[in-house]
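Please read the points below with the model open beside you.

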Amino acid sequence: MGRMAIIAGTGFDQLDELLLEEELTIATPWGAPAAPVQRGQLAGAPVLFLSRHGHQHQYAPHLVNYRANLKALADAGATGILAVYTVGGIDAGLVPGSLVLPHDFIDYTCGRESSYSTEGNVIHVDMTDPFDAVWRQRLLAAGRTLQGADEPPLVDGGVYACTQGPRLESPAEVDRLERDGCTVVGMTGMPEAALARELGLPIAAIALVVNPAAGRGGISLDAMAKVAAAGRERIIRILAAALQ
Ligand code: HPA
């Protein structure tokens, strides 16, 4: 039976909260995914889980085999994707710990394998609505219901800039992203979202702001890790509620 798949990275290399039923080692025509696909229950909800960078966080954002990751999830029976990103906040209101449900993206990556098109099989997908409205709404409703009074905001809508990484951006680069209309910046949303679309899988995403983007208030890698750890539980509760 099909089920939604969670794909997550930094801070989520292991999903200890998953009640594991089976681990699926899946080979794809595009190579091996970053980790076995895990099938199990998250707070009673049936899900698939894939660690985007591998369980030891061994694949940097520009080296993740996105095609194998997404195809493995499709082959495991995924009916859609819930993607978790950690991001830098570009918008002034996005204090660390804020959650953003992006509605659009701009892809600044280069040289990544970004399509399943092959010679004789050219795939063009419509990206007018890159993130699925129904699942965005479910995440939003779950997030609002669970919002604690002292918790950083959950923001409905945002434009996700996907940079090549693995280095962070320069302040001038972030200024440019802001002029382009981007509100958060990360390194892994693309080509993941486009590949999901090519496979016919609806995708929605929840982005955890772990730092102000460069030039917007100081970045400490230590502080980023702490915010990621603190936001993790909140995101898992939201995902579990959205999946009920
Ligand atoms: N830039 C790009 N990716 C990120 C950032 C950032 O500031 N923070 C977390 N992932």
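This is a predicted model: local features need pLDDT of at least 70, side-chain atom pairs count only at pLDDT 80 or more; totals for chains, interfaces and linings use all residues.

1. Residues are numbered from 1 along each chain as its sequence is written, and side-chain values use heavy atoms, with hydrogens and water left out.

2. Strand S1 (residues 3-8) is mostly covered, six of its six residues being buried (under 20% relative accessible area, where exposed is over 50% and partly exposed in between, with a 1.4 Å probe and protein chains only). Strands (E, at least two residues) and helices (H or I, at least four) are DSSP runs, numbered from the N terminus.

3. S1 pairs in the parallel sense with strand S5 (residues 78-89) over six bridges, and also in the parallel sense with strand S4 (residues 45-51) over four bridges; pairing requires that DSSP finds at least two bridges between the strands. Isoleucine 7 stands opposite alanine 83 in S5, and isoleucine 6 stands opposite phenylalanine 49 in S4.

4. At the ligand, the surrounding residues (a heavy atom within 4 Å) include Thr86, Glu169 and Asn211. A nitrogen atom of the ligand is 3.3 Å from a polar backbone atom of threonine 86, a nitrogen atom is 2.7 Å from an N or O atom in the side chain of glutamate 169, and a nitrogen atom is 2.6 Å from an N or O atom in the side chain of asparagine 211. The protein covers 95% of the 260 Å² of accessible area that the ligand has on its own (Shrake-Rupley method, 1.4 Å probe; for residues, only the protein chains shown count as cover).

5. Glutamate 151 lies in the loop between helix H2 (133-146) and strand S8 (154-156), and counts as partly exposed because its relative accessibility is 22%. Glutamate 151 and threonine 163 are twelve residues apart in sequence and 28 Å apart in space, C-alpha to C-alpha.

6. Most residues other than glycine have a negative phi, and most peptide bonds are trans. A cis peptide bond joins glycine 165 and proline 166, with omega about -5°, and a cis peptide bond joins methionine 190 and proline 191, with omega about 10°. Alanine 43, in the loop between strand S3 (37-42) and S4, has a positive phi of about 50°.

Note on methods. A polar contact is a pair of N or O atoms within 3.5 Å; within protein, one must be able to donate a hydrogen and the other to accept it, and residues adjacent in sequence count only if both atoms are side-chain atoms.
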